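Hi,

Here is the structure I promised to pass on.

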Amino acid sequence: MLFESTRGGVSDVNFDEVLLSAMAKDGGLYVPQNLPTLSCEELQALKGKNYKELASELLPHLLGDHIPKHVIQEIVENAYGSFHHNAIAPLKQLDNNLWLMELFHGPTIAFKDFALQFLGHLLDYTLHREDKKAIIIGATSGDTGSAAIEALKDSENIRLYMLHPKGRVSDVQRKQMTTVQADNITNLAINGSFDDCQAMVKALINDKELNESGYVTAVNSINWARIAAQVVYYFYAGLNLGTPETKINFVVPTGNFGNVYAGHIARSMGLPINKLIIGSNRNDILTRFFETGKMEARNVKLSLTPSMDIQISSNFERLLFELFDRDGEQVKRLMNDFKRNGLYEVSEEILTKAKSLFDAYRVSDERTVEVIQEIFDQTGEILDPHTAIGVEAVITNKKTSSTPTIVLGTAHPSKFPETVKKAIGCPPVLPIYLDHIVAGEEKAIEMENDIEILHKFITEDQGYRQLRTNKTTPI
Ligand SMILES: *Cc1c(COP(=O)(O)O)cnc(C)c1O
């Protein structure tokens, strides 16, 4: 299986390069040149498989034969072995045709574990096979940081520096990062904003001196392997609720368009999905696009759903590529417009095509709290605020009521205790397997928002220097 860039400048790339590079050299994102479609009979043959078996069957279709099947099976076993529910992605019924898929039973109780646990083990395998080392530098506003740290801790081939804006992540999120004691991980609390952290990461990714020591990359949500891992749970839910003999809908609380795009890939591979429904908060750039055909960035506003406080949905570029019949030149033009003016617009024809694939809703903070309360009163289930946005999209979209509809539960409610307390009067408790983060000793290094200081810190860091002495050929 070979990959090409969404901006038309790079093609026939193998999976190793896709896995190990932050993006394609022309600035685009990698997509497979061909994706297989599964027949009705092939889908039926997948029924009854447990999550790990299903992942081991599906992932070779998404990654190609570059990685042997038995290796994928082993990686899946390790990645999802760290989950705290036997079903991995259990389904709960909330109403007649309404289901909740709980994607928060991984080590950091948010759905990002699905992608990052898989990616972590895959990176380790690939680096080991190629006898290479990687320095990974990440910036996080919350969930990605802890999921990456859990996934990469104790890897012999990876040195991870994770930057977070000091005082601007929640207590639970910070502790999930800083209480992990692993020699290859350093937490840096930066006196600045998330955007400052991200700018420092971008500057270091291209730093010559660091790149001489091995492979320098970022953990970002545009890696194809992350999308691939997320495709699996759409099939899992679908096969458990009657596909391929019936159609289903999914509702996805959306930020960077990674999760819902994985649903779109599942549909492209033959899973009979009727509608993919996008939920956004007041940062509604995607919802406005589906209303107007204009993608227009505004300032990020804080909301009760911080993991969706985003104004650039990076993975949407992959959908654009498809909407333009894989014409990379057109995508490049729009992305250049967006970079220059924070705006691009598509034709009526393209918008109609997009609307046939997705519905989009926006939900206010006030309504988000009300939904948590209503669902708790009606069912006893406690939703996290992101998931509540998804549920609200179903409540307002009556069209979905005759089709089984699955809302993706993207985080455990105890990750957002203040908001949940506002809704139901009591803060939700952390699962007992996270007790260690409450009492654990925190380790983070405070640092000024200054790229020179960070650069000096990394190049003088013992872990980095060790990696340099063991250095093999940079990729
Ligand atoms: C990251 C995240 C989202 C948004 O997912 P995207 O793939 O960026 O669209 C939604 N909810 C939670 C809890 C998250 O952590």
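First, the ground rules. This is a predicted model, so to speak of local features we need pLDDT of at least 70, and side-chain atom pairs count only at pLDDT 80 or more, while totals for chains, interfaces and linings use all residues. Residues are numbered from 1 along each chain as its sequence is written, and side-chain values use heavy atoms, with hydrogens and water left out.

Now the ligand. There are 15 residues around it, and Lys 112, Asp 143, Gly 255, Asn 256 and Asn 259 come nearest (a residue is near if one of its heavy atoms lies within 4 Å). By class, that shell has five nonpolar, eight polar and two charged residues. Here Ala, Val, Leu, Ile, Met, Phe, Trp, Tyr, Cys and Pro count as nonpolar, Asp, Glu, Lys and Arg as charged, and the others, Gly among them, as polar.

Lys 112 puts a polar side-chain atom 2.5 Å from a ligand oxygen, and Asn 259 has a backbone N or O atom 3.0 Å from a ligand oxygen. For Ser 307, an N or O atom of the side chain is 3.4 Å from an oxygen of the ligand. (A polar contact is a pair of N or O atoms within 3.5 Å.) On its own the ligand has 390 Å² of accessible area, and the protein covers 95% of that (Shrake-Rupley method, 1.4 Å probe).

Next, the helices (DSSP runs of H or I, at least four residues; strands are E, at least two). Helix 6 (residues 143–152) packs with helix 7 (residues 171–178) at an angle of about 25°, their axes 9 Å apart; axes are lines fitted to C-alpha atoms, and angles run from 0 to 180 degrees between N-to-C directions. That makes helix 6 roughly parallel to helix 7 (under 35 degrees counts as roughly parallel, over 145 as roughly antiparallel, 65 to 115 as roughly perpendicular and the rest as oblique). Helix 3 (residues 51–63) and helix 10 (residues 224–240) pack at about 130°, with axes 9 Å apart, which makes helix 3 oblique to helix 10.

Finally, two loops. The peptide bond from Thr 243 to Pro 244 is cis, with omega near 5°, and Pro 244 lies in the loop between helix 10 and strand 9 (248–253). Ile 109 has a positive phi, near 50°, although it is not a glycine; look for Ile 109 in the loop between strand 4 (98–102) and helix 5 (112–130).

Cheers

Note on methods
A polar contact is a pair of N or O atoms within 3.5 Å; within protein, one must be able to donate a hydrogen and the other to accept it, and residues adjacent in sequence count only if both atoms are side-chain atoms.
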